[in-house]
Every structure is written in structure tokens, then in C-alpha cells.
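The following paragraphs lead through selected features of the structure shown here, from a strand pair to a pocket and then to a helix.

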Amino acid sequence: MEVLRQYITQFVALDEAAWIAFSNLFSERSLEKGAYFAREGRVEKEMGFLLHGVMRAFYRDVSGTEYNKFFFTENEFAGAYTSLVMRQPNYINIEALTPCTLLVAPYAGMQALYREHRGIETLARMLAESFYCYKERREIQLVLMDAGQRYKLFREEYPALENSIPQYHIASYLGVTPTQLSRIRARKEA
């Protein structure tokens, strides 16, 4: 729990009563590699804080092609936010790419604390704002940058991932084929 507390302190300093109420929502859960934290078609009810491991958020089209949109790494919140907030069936999948350990809490439980503990509501708003800014930067990258530039940013943002997950996941995230990624990597190493 101390890792979670250190993480949220970057955004807001919760008083002791708020911290106790917030931390009591969480329980530890392990996911095996290949297990899903969120699945398309379900109304998701839990959010998680990833302690160990790597997960990917991806969409699957009607033909079964997968498109990686985001990687969750250690010490980050993970969840199918649109499903949680809108209480609608989910469009995104979240899958463990490695064995993972999470702290998991019911989203409704966190929302129930907003009125009583203003700091928790502030934390939720700041996390949402942070994620929105990330999403906007990501969309700009996909539209305005070439694949080589996106690969360079990927390596800066996720320095430990390149050698710990399959290359086809990285290619999907960058919006290129695995063959194109191999060519980009070869040019960068030359």
C-alpha cells in the first residue's frame, strides 16, 4: 500500500482519514500472463493500481485484428475508464502481458468517498486530467509523426518494454507492421 500512497501523493496529499477510507477499498490480485483485467462487452466495475508487471489496452475489430492503444506499467492506475464512468459495456480489452500484481478497488466505492473526502475527488479529477493529456499527446503523435519518430518516443516513454514484450505488440502500438518495425529498428541501430 505504501507504493500506492507515494504515487497518489504526487497528485494530492490525502489526510489520514481519507487515506484510510481510500486504501481500505483495495485488495491485492494476481493475474497470470494472458489473463484479462477488462474485456470488451462487459460493464466494468473495478479499477486497479499495477504493482508489478505489464498490461496492454487494446481494441479488436470485427475481423479479429488487434490494435494496442496503451501499455500499463508498474505504479500506474489501470482500468476501462469509459465503461467505469458511463456504466456501459466496454469496448477495450486489458490483458496481462506478463504475470501481474494489482491493487484492485470497486470504482463505485471510490466514487462514494468523493463527498466525504474532497481530496479523493481531487485525486480522481487529477488522474483523469493526466490521462486525458496523455491521450491527446498520443493522438497527435499518430497523426503528425512518422513511425520512426513514434518509435523514438515509445523508447523514451517505455524504456524497459522493448525487451520484455513481443515486438508485434510494439508494432501495433506504433501503428506499423512487425516488418516495418524491424526496418525502423535496423535504421536506428545503424
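Two strands pair if DSSP finds at least two bridges between them; strands (E, at least two residues) and helices (H or I, at least four) are DSSP runs numbered from the N terminus. The model is predicted, so local features need pLDDT of at least 70 and side-chain atom pairs pLDDT 80 or more, whereas totals for chains, interfaces and linings use all residues. Residues are numbered from 1 along each chain as its sequence is written, and side-chain values use heavy atoms, without hydrogens or water.

Strands β4 and β5 pair in the antiparallel sense over six bridges. Within this pairing, Arg56 stands opposite Phe71 in β5. Five residues lie between the strands of this hairpin, where Gly64 takes a positive phi near 95°.

β4 (55-60) and β5 (66-72) are among the elements that give two or more residues to the lining of the largest pocket. A pocket is an open set of points on a 1 Å grid over the protein atoms alone, where a 1.4 Å probe fits, with protein on both sides within 12 Å along at least five of seven lines; lining residues have an atom within 4 Å of a point. The lining comprises 46 residues, with Phe70, Phe72, Gly79, Tyr81 and Phe131 nearest the centre. Helix α5 supplies the largest share, 13 residues.

In helix α6 (residues 147-157), Ala147, Gly148, Arg150, Tyr151 and Phe154 are buried, that is, under 20% relative accessible area with a 1.4 Å probe, protein chains only. They lie on the same side of α6 because they cover an arc of only 160° around the axis, taken from the directions from the helix axis to the C-beta atoms.

Technical notes
Buried means under 20% relative accessible area, exposed over 50%, partly exposed in between (1.4 Å probe, protein chains only).
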